[in-house]
Amino acid sequence: MFKITGRIVVILLAACLVSGMLYLLVNGVAGQPGLLAGLDRRGGFEGGLRVAANRPANLANFFAQGVSDLGLRSGFAGGDFRNRFSLTRGFSSVIGDLIIVALITVLVVLLHGVIKKALSHPPAKIV
Amino acid sequence: MNKINLFIDIGIFGVFLIAANPNLTGLPLHEWLGVALAGTLIVHLLLHWRWIASVTLHFFRQLFHDSRLQFVVDLLLFISFTTVMMSGLMISRVVLPFLGIALTRNQAWLPLHDLSANATLVLIAVHTGLHWDWVVKTSKRYLIDPVAGLLHGKHLPGSTQVKVEK
């Protein structure tokens with residue numbers, strides 16, 4: 001019982017560490033705006049970048065630059081990524097998510113198999 | 001133990017898929033399912049504690065091994081899942097008010113919640129792919145074989161079973 005409690009405490013501490021770092025990234029430290037403070041829902045990253053335009057050291061600006069360099073708009077944020085695969089809203093979005101998971105799983109299984117096979121070859125014998 | 005792991009994992013995956021679609025569940029259920037998922041995630045980690053401890057201790061000793069990739073993916077999954085939980089709580093309209101906690105709203109949490117939920121979905125797929133051998137083996141043993149056994153072992157009414165000895 002004591003062992004399990006200790007393990008739960010370790011897991012919660014790890015979660016608190018991640019959460020604390022995230023909180024600082026969003027809310028900032030000592031009156032300074034957080035690195036992720038510029039993000040908003042308007043057009044995903046780009047919207048966030050527009051808001052953060054006056055903050056040169058903002059991580060959102062860094063993403064904005066990257067996104068515009070790639071010529072991409074409205075990327076992952078705002079649920080766009082999954083909505084593109086979903087047939088409609090509601091129940092079908094669960095099926096859409098299931099299809100995404102299935103496709104990525106198949107891809108990983110195939111790639112993982114190929115990599116494992118490539119690594120498992122015995123070294124060539126030099127005669 | 002494998003049987004418990006399999007059914008808990010299927011449960012977590014199913015609940016995550018449902019909770020990840022608030023249009024289907026509505027906001028209250030979406031938030032409470034999210035909180036419940038945090039609890040099941042802790043159970044999942046506890047059930048795999050020996051593996052986590054072992055790989056953490058050996059992570060830097062041996063450069064190439066399969067568990068290293070799995071460990072990195074699992075760590076990313078933990079971070080993204082914690083981000084979903086944290087950002088979800090920060091924009092909560094049901095759970096935190098129910099607990100009597102009031103927070104000042106920050107617009108940045110909403111896209112973070114979406115982004116981390118999408119990342120979690122992708123990482124769950126990668127996690128499943130990396131453990132595919134285990135998934136197939138245990139599913140066959142505890143799901144497919146018992147169901148197949150039930151179907152094949154079912155006798156038609158009025159038929160008699162004849163034992164043939166070799």
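Here is a short walk through the structure shown above. It is a predicted model, in which local features need pLDDT of at least 70, side-chain atom pairs count only at pLDDT 80 or more, and totals for chains, interfaces and linings use all residues. Residues are numbered from 1 along each chain as its sequence is written, while chains are lettered from A and ligands numbered from 1 in the order in which they are written.

Let us start with chain B. It has eight helices and zero strands, where helices (H or I, at least four residues) and strands (E, at least two) are DSSP runs numbered from the N terminus. Of its 166 residues, 23% are buried, meaning that 20 or more other C-beta atoms, placed from the backbone, lie within 10 Å of the residue's own.

Now look at two helices of chain B, H1 (residues 2-19) and H8 (residues 132-152): their axes, lines fitted to C-alpha atoms over the stretch in contact, come within 10 Å and cross at roughly 95 degrees. H1(B) and H8(B) are therefore roughly perpendicular (65 to 115 degrees). Asn2(B), Lys3(B) and Leu6(B) in H1(B) meet Thr138(B), Ser139(B) and Tyr142(B) in H8(B), a contact being C-beta atoms, placed from the backbone, within 7 Å.

Finally, turn to chain A. Its helix H1 (residues 2-27) has 26 residues and should span 38 Å at 1.5 Å a residue, the expected span being 1.5 Å times one less than the number of residues. The end C-alpha atoms of H1(A) are 36 Å apart, which agrees. Just after H1(A), Gly28(A) takes a positive phi of about 80 degrees.

Terms used
Buried ≥ 20, exposed ≤ 12 C-beta atoms within 10 Å, placed from the backbone. Axes fitted to C-alpha atoms, helices over the stretch in contact; angles between N-to-C directions. Parallel < 35°, antiparallel > 145°, perpendicular 65-115°, else oblique. Contact = placed C-beta atoms within 7 Å.
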